[in-house]
Structure formats: C-alpha cells, structure tokens
Amino acid sequence: MPSARINGIDLYYEVHGEGPVLVLAHGAGGSHLSWWQQVPVLSQHFRCVTFDHRCFGMSRDVSNGPGPNAFVEDLRQLLDHLGIQKAALAGQSMGGWTVLGFASAYPERATALILCDTTGGIDDPDVVREFARLRETTRGDLTQVLKRAVSAEFPTRDPSRAFLYQQISGLNVHVPPTLTGAMASLRHRIEPVIEKRIPTMLLVGEEDVLTPPGLMELMAKRVPHWRFVKVARAGHSVYFERPDEYNRLLLDFLREAKIA
C-alpha cells in the first residue's frame, strides 16, 4: 500500500492516470475510497492524487497530534514527495479546508480550485457567522450528520450506493470527536487566491442542509471571478449522489481554465 512519511506520520495516498495533476481531498465522512466514481473517469484526463487525511482511513495521527491544523502542511509535503509543483485542487466538505488553505498559503502552486459543499474556512465575517449558526442547528454526532449529508430521497432512490456511503464512513474509526469542531474554527485568507486569479468553482447540492446553496452563493458573491454551480436532486455529497454530473462539471470547468 502506498504511503509516505509525511509531516511526522505515515500518510496513505494513491496516484492514478497521467497528465495535469488533480488532487481530490475527501470530506469528514470519507477517505480516498470516496472518489471511486471519480477516479476511473477523471484519471483518463488527469494524474489524480487521492489520500487519507490524518485520522481518516489508513492514515493515523500521532498521540495528541495536530489533527486538522496539519492538513495543509500534510498536502504540501505529499506533493513535494511526489515531485508535484502545481496541481488543480478539489475539496469536498472538510477537504475544502485543506485545498483552500493550501491555495491561500501556496497560490503559485494551485492551477485551479474546486470547493464542493464547503466554506473551506473562508475568512469572511458574514460567511463565518452564518456557518456558525448552521452548525448549531445541525449539531449532532457524526452518524446523525452523515444521514443529513445526502438528499432525503437518496436512500430510497439508490439504496445500494446509500449503503456504501455509510460503509465507507464506517471505516474511519480513529477520528477524535473534537476534530470537526477544531477544523471549523480554522480560517483561510482568500486574498492570495484573488490576487493570483486562481480559477475557482463553488459546487453545491440544491438540497444541502449542512452547507446550503445560499451560504455558498454568498461566498461566490465575494469574488467576481468565482463560479457558482448548484446541482439539483443532491444533498451535501454531490460527488457521490450525482457522480456523472459532478465529473462533467469538473471536466468542463478545468478545460475552460485550460487545465485539461
């Protein structure tokens, strides 16, 4: 199994395909396995890098480790390990904090940015305030949150994939209960992304109750060159519920940005 000694831990990762690099950063309900509907398609056009954040999947944190505070540096060191200087970055939910944080810290290394069902920790007072309010109204243990991470009709419409979604999440047995709260408190500046005019798309499910369309549209209005896309009949996990549309939207966006 491919892993590298990264930032004090053994970080699990996979690389598939050839071409421009596309990093896929999973959310708190997933791992590298979450991208099983993306990698076979996108790896025909890109060198796809997937990985398990520390505490997730097959990556472990050290005892009393930094958790989400290390996510950005983990990604930087992983790309350095792979000899990758520049990459397009797609982050789902929690993964949005990783990729926006990376693009903010190392804007010269980000060729494009896709924020999916996430605020990414954007340091905007209105977004921070509204996200904090939403966290209070949707608070619960991870099992309850995951039930709200897909549209209400998804388990009935596609029970097999809904079951798989839960099973993939169930593999995350080393996630500390404080992790999502610690992550949500992190803030990332967007000025470097704006100054570098990094092509950015904000993608959200029409039925997302954890990061609703209105919140992500508010983010998009802050930056003139950011694109906002809402996907019908999808909740907080567009990539899982609507993989064909998700893949098409990413490909079209990256081609337009002259990445693909």
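How do the residues of the lining of the largest cavity divide into nonpolar, polar and charged? In this predicted model, six of them are nonpolar, two are polar and one is charged.

The cavity itself deserves a description. A search of the whole structure finds one cavity of 30 Å³ or more, and the volume of the largest cavity is about 50 Å³. Rolling a probe the size of a water molecule over the atoms shows where empty space is left. Around the largest cavity stand Trp97, Thr119, Gly121, Ile122, Val127, Val128, Phe131, Ala184 and Arg187. Helix H4, which spans residues 125-137, gives the most to this lining, with three residues.

Sorted by class, the lining of the second largest pocket comprises seven nonpolar, five polar and two charged residues.

In soluble globular proteins, nonpolar side chains tend to be buried together. The largest nonpolar core of this model holds 50 residues, and those that touch the most other members are Val23, Phe51, Leu89, Leu113, Met219 and Trp226. Helix H3 (residues 94-105) supplies the largest share of this core, six residues.

When residues up to four places away in sequence are not counted, leucine 113 touches Leu89, Val99, Leu100, Ala103, Val193, Ile198, Pro199, Thr200, Met201 and Phe253.

A last stop is histidine 236, located in the loop between strand E8 (226-231) and helix H11 (238-241). Is this histidine 236 buried or exposed? Histidine 236 counts as buried because its relative accessible area is 6%, and the limit for that term is under 20%. The side chain of histidine 236 is joined to that of serine 93 by a polar contact of 2.8 Å. Beyond its neighbours within four places in sequence, histidine 236 is in contact with Gln92, Ser93, Asp117, Arg148, Ala149, Val150, Asp208, Leu210 and Thr211.

Notes
Residues numbered from 1 in each chain as written. Predicted model: local features only at pLDDT ≥ 70, side-chain atom pairs only at ≥ 80, totals over all residues. Heavy atoms only, no water. Helix = DSSP H or I, 4+ residues; strand = E, 2+ residues; numbered from the N terminus. Buried < 20%, exposed > 50% of the residue type's maximum accessible area, 1.4 Å probe, protein only. Polar contact = N/O pair within 3.5 Å; in protein donor to acceptor, adjacent residues only side chain to side chain. Contact = heavy atoms within 4.5 Å. Nonpolar A, V, L, I, M, F, W, Y, C, P; charged D, E, K, R; others polar. Core = buried A, V, L, I, M, F, W, Y, C linked by side-chain atoms within 4.5 Å. 1 Å grid on protein atoms, 1.4 Å probe; cavity = no way out; pocket = protein on both sides within 12 Å on 5 of 7 lines; lining within 4 Å. Points joined across faces, edges and corners; volume = space filled by probe spheres on them.
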